Amino acid sequence: MPKRSFGDPALVALVALGVLLVPWFLRLGEQRATSWALQTGLDVANTYFAWRLAGQPGLPAAGRRFWRAVTIACACSMAGDGYQTALVLADPSLTTISSVQTALVVCGMSVAVGAMLRHPLGGAGRQRLRLWFDAATVLTGVAVFLWYFVLATDLSGRRTADRWGAAATAVVMLLITFGLLKLIMSGTAPFTRSAGVAASLGVAGTAFAAPITSGLIGDPGPGGMMVVQLLPCVITSASLRLQQLRGARLTENRPAGPGARPSRLPYLAVVATQVLLVASLAVGTVDLRVWGVAIGAVAITALVLGRQVAALRDNERLLTELDGQAERFRALVQHTSDLTLVLDYDGTIGYASPAALRVLGLTPEELVGTSLHERTHTDDVPVVADLARKLADEPGTGITTQVRWRHADSSYRWLDVITTDLTHNPNVGGVVLNARDATEARALHDELQRQVTHDALTGLGNRVLLRRRLAEPAESVSILLIDLDGFKEINDRHGHHTGDQVLQEVAGRLTGLLGAGELAARLGGDEFAVLLPGIPAAEAARLAERITVLLAEPMPIGGLLLTVGASVGVSAGTPGDGLLRQADAAMYEHKRARKEQSQGAVQPAGR
């Protein structure tokens, strides 16, 4: 019971009433008017509690219908008990119960019974059938005990009208008990288990507490009988108030299903009925009570057999389905191209699917017991570490990554891997990896990426790669912009094929001058660029002179010695497109100066 229930004024008042009833009636004896007035007051409280429960926000439609029916049942009981109270107040000597009171109570309780029997049980049809068998078994056991200790002995001493009234009340209360048991065992009850158990005790006690007490301890006296009759009513009211306080926990019960824990009540009912049959036969007199117990024992045995036959058929069907699913799973695993692995947290392989031979060149038996970390490429170790952190943060979630694993031929294969941590699943107990060979796709991807950022003829970076490198944060860079002089004449005289070979030779000579982190790029035509991160302008200028000298050396191509010149522009500063424009301007200035120098050298010879 939650802590707030202990301090609830209404619940405390009901508990206090139940405690005070005992000394009050035991001392003052039979007080019919007081008893019926208290009963009517409890009915008023029940009606109010049920009405509030029916209007509770967030209640499903089925739960709302149930509590509306309970409200009607409590209102009918309030009307019937109120009518009986008025009769007793008018005639204190009245000892019989009015047929009007009995009719109102029976009608009201019948509405509640209908609501309980119509309430959805959840689960499949076979599960509902087993639930009905279990509830009927428990109810039959209760009926057998009531027959033996109450009805067969108590009804014989009453007048006809009282016997019919008591019988009707007993039948209705048995049905309510059946409905409550059905809902409690189904797991779909619109009330918590504790409230349902308390209500079951209260409802059954209102009909059977008095005769059971008489049968067990004899006549408790007028006052004692009043206590025995009123205490179950107080328990019923307390159960409704308890449910009102715990209304937010209507989902406390788990739906019955294949994984639900079965109730032990049916088995207890069977054992108790068999023990009662043996005890009644030991008396030696076979009377109406014993015959009732014997018939009940036969009925409860039939119910158990029916339940077991239904369970046996369900088990056979489930085994057939499981065999079929296992066979389908084996067929899928045997013929799928994807590799499935189950690992421990330390990376040890506990299971490998047959696709291991196609993907890694090893049989499952060769993989099991080895460490996957040892097969992972060293460059991918940080990726695996990051994957482990993600698995710890998101257990049960599939995480996609791409890593390289060593093949049996010592090469590395790229694999697309989906990793899911299922160590919490007792049927798996490990980390599951589903891997697909992505080596060809990765090679194609890398080639496409290279084509986007590299020149197809020379293999150097292109303008796209140069701009990306210029966009990277750096304190300072130097850039050389190179334009070949005399290349057009070679193209026109010897053809484009020879021109392409000249460009490839230039690319090779540029690459040979560069160090780590430096980039040579072909921007198009006969224009090249060199990016020098962290190199000052003076050093870049010296490299430009070396390039000019190196490219001016003759190139042996196709049996010819071809020569080109190079105009090189140098700029240095903060990375950006402005740096490239400055280098371009410096390059044209260098080209103009070379032309003027060349013209100056030719002019005197002409004189």
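Buried here means under 20% relative accessible area, and that cut-off guides the views below of this predicted model.

**View 1. Serine 98 sits in the loop between α4 (61-90) and α5 (99-118).** With a relative accessible area of 13%, serine 98 falls under the cut-off and so counts as buried. Look for its neighbours beyond four places in sequence: Tyr83, Gln84 and Leu87 are touched by serine 98. A polar atom of the serine 98 side chain also lies 3.0 Å from the backbone nitrogen of valine 100.

**View 2. The disulfide count in this model comes to 0.** Cysteine 74 is in no disulfide, and its nearest cysteine sulfur, that of cysteine 76, is 9.4 Å away. Cysteine 74 is buried, at a relative accessible area of 10%. Cysteine 76 is in no disulfide either; for this residue the nearest cysteine sulfur belongs to cysteine 107, 6.9 Å away.

**View 3. Arginine 404 and aspartate 380 form one of the 17 salt bridges in the structure.** Their closest N and O atoms are 3.1 Å apart, and both residues are buried. Arginine 404 belongs to strand β3 (residues 399-406) and aspartate 380 to the loop between α13 (364-367) and α14 (381-393), so the pair ties together parts 24 residues apart in sequence.

View 4. Lysine 390 is partly exposed at 37% relative accessibility, as is aspartate 386 at 30%. Shared partners join Asp386, Arg389 and Lys390 into one salt-bridge network. Within it, arginine 389 pairs with aspartate 386, the closest N and O atoms being 3.4 Å apart.

Definitions and conventions:
Residues are numbered from 1 along each chain as its sequence is written. This is a predicted model: local features need pLDDT of at least 70, side-chain atom pairs count only at pLDDT 80 or more; totals for chains, interfaces and linings use all residues. Side-chain values use heavy atoms; hydrogens and water are left out. Helices (H or I, at least four residues) and strands (E, at least two) are DSSP runs, numbered from the N terminus. Buried means under 20% relative accessible area, exposed over 50%, partly exposed in between (1.4 Å probe, protein chains only). A polar contact is a pair of N or O atoms within 3.5 Å; within protein, one must be able to donate a hydrogen and the other to accept it, and residues adjacent in sequence count only if both atoms are side-chain atoms. Contact means heavy atoms within 4.5 Å. A disulfide is a pair of cysteine sulfur atoms within 2.5 Å. A salt bridge is a side-chain nitrogen of Lys or Arg within 4 Å of a carboxyl oxygen of Asp or Glu.
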